[in-house]
Amino acid sequence: MQKILIAPGRYVQGAGACEKSGAQVALLGKNALVIGGKRGLDSVRESMKASFEANSVAFIEEPFGGECCNAEIERIASIAEGKGSDVIVAVGGGKALDTGKMVALKLSVPVVVVPTIAATDAPCSALSVIYTEEGMFESYQFPPSPNMVIVDTAIVAKAPTRLLVSGMGDALATWFEAEACSRTKSANMPGGVATEAALALARLCYDQLIEYGYEAKIACDADAVTPALERIVEANTLLSGIGFESGGLAAAHSIHNGMTAIEEMHHMYHGEKVSFGTLTQLVLQDSPREVLEEVLDFCVSVGLPITFAQLGLKEPSREKIMAAATMATAPGETIHNLPWKVTAEDVADAMMAADALGREWL
Ligand SMILES: [Zn+2]
């Protein structure tokens with residue numbers, strides 16, 4: 001069994017990182033196509049353009065259509081080809097970043113990922129989620145890891161706090177899922193087993209959340225960049241990104257996938273559902289009480305949901321929970337990386353118990 005770790009080629013983070021981005025991007029190309037949604041581009045245009053020009057890198061902008069679908073990837077790739085772009089710069093949230101990775105793959109040029117929020121693992125990962133033009137899930141594609149990731153924390157701090165908190169919810173799962181995979185020597189995303197390095201980063205991710213999550217949330221409420229906010233942006237983006245990809249996924253993300261079957265939860269963010277999935281995984285694997293209490297405490301302190309009601313499901317019937325649990329235990333789901341055979345019944349019971357624990361805790 002081979003150990004495999006994958007990671008972005010370079011990771012740059014700090015307040016004002018966009019103002020210095022030209023020197024970084026110049027290492028990869030001289031003619032950049034910069035794609036992103038309106039909000040993303042508006043937040044970086046002035047600083048990046050000036051910095052690119054100061055470093056003799058052309059800054060050519062192309063608005064992103066909003067969906068990471070094959071038609072949009074084709075459209076942007078043909079524009080990049082026409083302009084002779086030798087590097088793609090993708091700015092914004094998950095869909096714009098995923099599109100940029102696919103365009104770069106198509107043209108065999110490097111990609112620079114510039115997340116303007118810290119809500120998911122998308123920036124550092126060698127993964128793009130492809131949707132239909134109507135926004136339905138279509139497939140996962142596996143481009144190479146991004147050549148460079150540039151995170152301007154002054155921009156991330158100004159985004160809504162709920163996005164940063166949701167990123168913490170996604171990051172909360174990383175250690176527990178990687179740990180479960182390492183016990184069973186289950187495959188990580190690139191199809192190897194975890195390196196000690198990946199496990200150490202996954203553990204560090206969890207420790208940073210527990211230590212600095214609350215402070216970072218408060219700083220984000222004030223649109224302020226503090227050392228705690230810097231730590232949490234790094235935990236959400238780099239540590240969780242490498243941790244999940246090179247550590248492996250287990251129950252928390254499968255339970256998240258199952259929860260997409262519950263209509264009342266559709267308005268919740270990825271990380272908010274993943275954090276409840278984490279709580280459920282802890283119940284399922286009979287984790288010690290101290291661990292459960294630490295996680296419950298953390299969730300309450302930053303405002304992550306710990307009950308069905310907080311997730312939008314006011315009347316949880318066994319039937320609805322079973323529908324989610326059945327989906328969570330479908331063949332091929334990463335929940336089967338746990339060390340024993342997990343049934344839908346087990347998951348439904350663990351979800352009900354996690355909700356009851358959450359209600360008790362509040
Ligand atoms: Zn996730």
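Proline 160 counts as exposed because it has 12 C-beta neighbours inside 10 Å; a residue is called exposed if 12 or fewer other C-beta atoms lie within 10 Å of its own, buried if there are 20 or more, and partly exposed in between, with C-beta atoms placed from the backbone. Proline 160 lies in the loop between α5 and α6. Helices and strands are here DSSP runs, numbered from the N terminus, where a helix is H or I over at least four residues and a strand is E over at least two. Although proline 160 and aspartate 221 are 61 residues apart in sequence, their C-alpha atoms are 7.8 Å apart in space.

The structure is a predicted model, in which local features need pLDDT of at least 70 and side-chain atom pairs count only at pLDDT 80 or more, whereas totals for chains, interfaces and linings use all residues. Residues are numbered from 1 along each chain as its sequence is written.

The protein chain contains 13 helices and eight strands. Its radius of gyration is 20 Å, which agrees with the value near 21 Å that a compact globule of 362 residues would have; the radius is taken over C-alpha atoms, and the globule rule is 2.2 Å times the number of residues to the power 0.38. Along its principal axes, the C-alpha trace of the protein chain spans about 60 × 40 × 40 Å. Of the 362 residues, 52% count as buried. Among contacts in the protein chain with a separation of 6 or more, 80% are between residues 24 or more positions apart; two residues are in contact if their C-beta atoms, placed from the backbone, lie within 7 Å.

The protein chain is divided into domain 1 (11-157) and domain 2 (160-361), with bounds that come from an automatic or database domain assignment. The C-alpha centres of domain 1 and domain 2 lie 27 Å apart. Across the boundary, 19 residues of domain 1 are in contact with 26 residues of domain 2. On the side of domain 1 that touches domain 2, β1 (11-14) and α5 (153-158) each supply at least two residues. Helix α5 gives the most to that side, with four residues.

Two strand pairings may be followed next. Strand β2 (residues 31-36) and strand β3 (residues 58-63) run parallel and are joined by six bridges; strands pair if DSSP finds at least two bridges between them. Asparagine 31 has alanine 58 in β3 as its bridge partner. Together with helix α2 (residues 38-54), β2 and β3 make a right-handed β-α-β unit. A crossover is right-handed if, with the strands pointing away from the viewer, the path from the first strand over the helix to the second runs clockwise.

By contrast, strand β6 (residues 128-131) and strand β7 (residues 137-141) run antiparallel, joined by four bridges. Valine 129 stands opposite tyrosine 140 in β7. β6 and β7 form a hairpin with five residues between them, and glycine 135 in the turn has a positive phi of about 95°.

The interior comes next. In soluble globular proteins, nonpolar side chains tend to be buried together. The largest nonpolar core has 116 residues, and those with the most contacts inside it are Ile88, Val89, Ala90 and Val112. Such a core is a set of buried Ala, Val, Leu, Ile, Met, Phe, Trp, Tyr and Cys residues joined through C-beta atoms within 7 Å. The largest share of the 116-residue core, eleven residues, comes from helix α6 (residues 161-184). This core draws at least three residues from each of domain 1 (11-157) and domain 2 (160-361). Not counting residues up to four places away in sequence, valine 112 touches Val25, Leu28, Val87, Val89, Asn147, Met148 and Ile150.

Several loop residues remain. Most residues other than glycine have a negative phi. Lysine 185, however, has a positive phi of about 55° although it is not a glycine. Lysine 185 is found in the loop between α6 and α7 (196-221), and counts as exposed because it has 11 C-beta neighbours inside 10 Å. Aspartate 223, likewise not a glycine, has a positive phi of about 55°. Aspartate 223 is found in the loop between α7 and α8 (227-247) and is exposed, with 12 other C-beta atoms within 10 Å. Lysine 341 lies in the loop between α12 (318-328) and α13 (344-361). With 8 C-beta neighbours inside 10 Å, lysine 341 counts as exposed. The C-alpha atoms of lysine 341 and serine 125, 216 residues apart along the chain, are separated by 29 Å.
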